[in-house]
Amino acid sequence: MITLHADVVGSLLRPAELLTAQKQLAAGAISPTEFKDIEDRAVDDAIALQESIGLEVVTDGEMRRQSFQSQMTAAVSGFGSFDLDAFLWGEWHGARGVEKRPRPRRLGAVEKLQRRRFLSAKEFVYLKSKTKRIAKITIPSPSLWANFWSPKYSRDAYPTLDLFLADIVKILREEVAELVRLGATYIQLDAPHYGLLLDAKTRGFYEGLGWKLSDWLSMGIDLDNAVMAGFANVTFGFHI
């Protein structure tokens, strides 16, 4: 027999109430306290949905994030100016055909990265307090952040991609250590960029940063292992 295991990859669709509240908060129409109440309800509903169908591992639906990876840029300074397209550029295939979003022209870290707070600690603490199931928290794979390094705009802070990603690894290892201290036993690394290496159109961008395809596979995996190494009591998931 084959034993199957299933859990939510991380994100769930945000409910209409939360989407509206995000706009209201940005416009100053509701207070941060009112917004958090709405956000908490969205997380509670996401947990209840997963538990109702019998999942043993649950996430918070990533309701508190702009993107699955945006907790890094929200918690760490130095990434420069950017908008949502920093996370969404490329080709998206849907019911209306292919939608193309260009990569923001000036995207690239401009200062040494400095962690202002932990990325996901508060998310995890709330999730863990609301379920007796295994609470899964997700963090980005280090080499995913090559997207935020530019040989032009990052050269003063990080002359090479390797130096930039070394600081990303340091921040993520500190994050894992804090999550473990708080009781995390299941942490997922999000690494959808590995799939982009299979397509010549998107592979060209990554190889243009200075690593060949073989380097991306071997060095990227080394960076992932560097984040996970030494945390023997944690199950690490991997999202490709």
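Trainee: Which hand does the crossing of helix 6 and helix 9 have?
Mentor: Helix 6 and helix 9 make a right-handed crossing. That's the term for a near helix turned clockwise from the far one by less than a right angle, with anticlockwise being left-handed. Keep in mind that this is a predicted model, where local features need pLDDT of at least 70, side-chain atom pairs count only at pLDDT 80 or more, and totals for chains, interfaces and linings use all residues. Residues are numbered from 1 along each chain as its sequence is written, and side-chain values use heavy atoms, with hydrogens and water left out.

Trainee: At what angle do helix 6 and helix 9 pack?
Mentor: About 30 degrees, with the axes of helix 6 (residues 161-181) and helix 9 (residues 213-228) 8 Å apart. Axes are lines fitted to C-alpha atoms, for helices over the stretch in contact, and angles run from 0 to 180 degrees between N-to-C directions. Helix 6 and helix 9 are therefore roughly parallel (under 35 degrees; over 145 is roughly antiparallel, 65 to 115 roughly perpendicular, the rest oblique).

Trainee: And which residues of helix 6 and helix 9 meet?
Mentor: From helix 6, L161, D162, L165, V169, L172, R173 and V176; from helix 9, W216, M219, L223, A226, V227 and M228. Contact means heavy atoms within 4.5 Å. That contact has 11 nonpolar residues, no polar ones and 2 charged. Ala, Val, Leu, Ile, Met, Phe, Trp, Tyr, Cys and Pro count as nonpolar, Asp, Glu, Lys and Arg as charged, and the others, Gly among them, as polar.

Trainee: What about helix 2 and helix 5, how do they cross?
Mentor: The axes of helix 2 (residues 32-52) and helix 5 (residues 121-130) come within 11 Å and cross at roughly 50 degrees, so the two are oblique to each other. D40, V43, D44, I47 and E51 of helix 2 touch Y126, L127 and K130 of helix 5.

Trainee: Switching to strands: how do strand 3 and strand 4 pair?
Mentor: Strand 3 (residues 90-94) and strand 4 (residues 97-101) pair in the antiparallel sense over 5 bridges. Pairing takes at least two DSSP bridges. A hairpin of 2 residues joins strand 3 to strand 4, and R101 in strand 4 is the bridge partner of G90.

Trainee: How many helices and strands does the chain have?
Mentor: The chain has 9 helices and 8 strands. Those are DSSP runs numbered from the N terminus (helices H or I, at least four residues; strands E, at least two).
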